[in-house]
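Let's take a look at the pockets in this one. The structure comes up first, then the notes.

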Amino acid sequence: MASTKTSITQLSKSTFASFLRPQARLPQAISLPSQQFRCAATGTSANAAKYKRKDQSGTQKKKKARSTFIQYDMRDAEQFSLCDAMQYIRAFEVGRAPTSSKYEMHIKLRTLKNGPAVRNRLRLPHPVKTDLRICAICPPSSKAAEAAKEAGAAVVGEDEVFASIKEGKIDFDRCICHVDSLQKLNKAGLGRILGPRGLMPSAKLGTVVKDVALTVKDMVGGSEYRERLGVIRMAVGQLGFTPTEMQSNIRVVMENVKKDIAQLSDRISKEIHEVVLSSTNSPGFSLNGEFRSPDSVLLEDLSAR
């Protein structure tokens, strides 16, 4: 019995010791990401696949940025004569006063994005009445100041005008300067105020002149146009204009734009692509260059003011 007890005791000790002895860890299932499973299926490692993706992205060529503006093929476009376009535009302006809405012309050009822009000022045969307020900087007691007031300038003077501009009171839409007042204007340091607004007089832009009265008259009855993003936009008439008046205005604008394009360098490619006529509240209608079509309405019906 004693030997039996000792063997049981030894067995219990060995069993207890076996629980305390560290056991070897069993191999566990390795959880791989879905990417590694795909790589295992193809026989490549994750690192190899990563570098492969980098190589593929490097071989792809980047699309070159367009150097010209997008232009559509005009062979399939629907175009209208001047009388037809005016008829449809007036349908969108029903109930409005003839002087409240204006006809606007958009000249789309085939040109480079970084090329020079066409810009000029002209006087239309039938001016579009605008409420432009013009400032004429000249000696207040001179003959030029009196002539500028008679021509229609809203603000005339020197020191008083400079003081009001520095205070932030800019009550005019255009600004011209007499040659004798240019030195005072530069000393006043108004370029930081008028420059960002496009109102700073400059000899390059034709706003530093000797005959102030003549320039004021041209501005009151004249119009400016400038190319922006490959399009020249300009008001060419009021809603009450007749087709004949619109035709003469459009002809003058087109002739001036063609002259400006012809004066550019031979290396610069700039051509007229499309001419669109619209109004304040109507969509645009592409013009085909004809005055009227066989199905156009009578001119008397489009001449009501």
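Which helix and which strand each supply at least two residues of the lining of the second largest pocket? They are helix H10 (243–262) and strand E9 (271–279).

## Ground rules

This is a predicted model, where local features need pLDDT of at least 70 and side-chain atom pairs count only at pLDDT 80 or more, while totals for chains, interfaces and linings use all residues. Residues are numbered from 1 along each chain as its sequence is written, and side-chain values use heavy atoms, with hydrogens and water left out.

A pocket here is an open set of points on a 1 Å grid over the protein atoms alone, where a 1.4 Å probe fits, with protein on both sides within 12 Å along at least five of seven lines; lining residues have an atom within 4 Å of a point. Helices (H or I, at least four residues) and strands (E, at least two) are DSSP runs, numbered from the N terminus.

## The second largest pocket

H10 gives the largest share of this lining, 6 residues. In all, 19 residues line the pocket, and Ile-250, Met-254, Leu-287, Gly-289 and Glu-290 lie nearest its centre. Its volume is about 390 Å³, taken as the space filled by probe spheres set on the points, which are joined across faces, edges and corners.

## The largest pocket

The largest pocket comes in at about 900 Å³. Its lining counts 29 residues, with Arg-119, Asn-120, Arg-174, Glu-224 and Tyr-225 nearest the centre. Strands that each supply at least two lining residues include E1 (102–110), E2 (119–123) and E5 (174–178), and E7 has the largest share, 6 residues.
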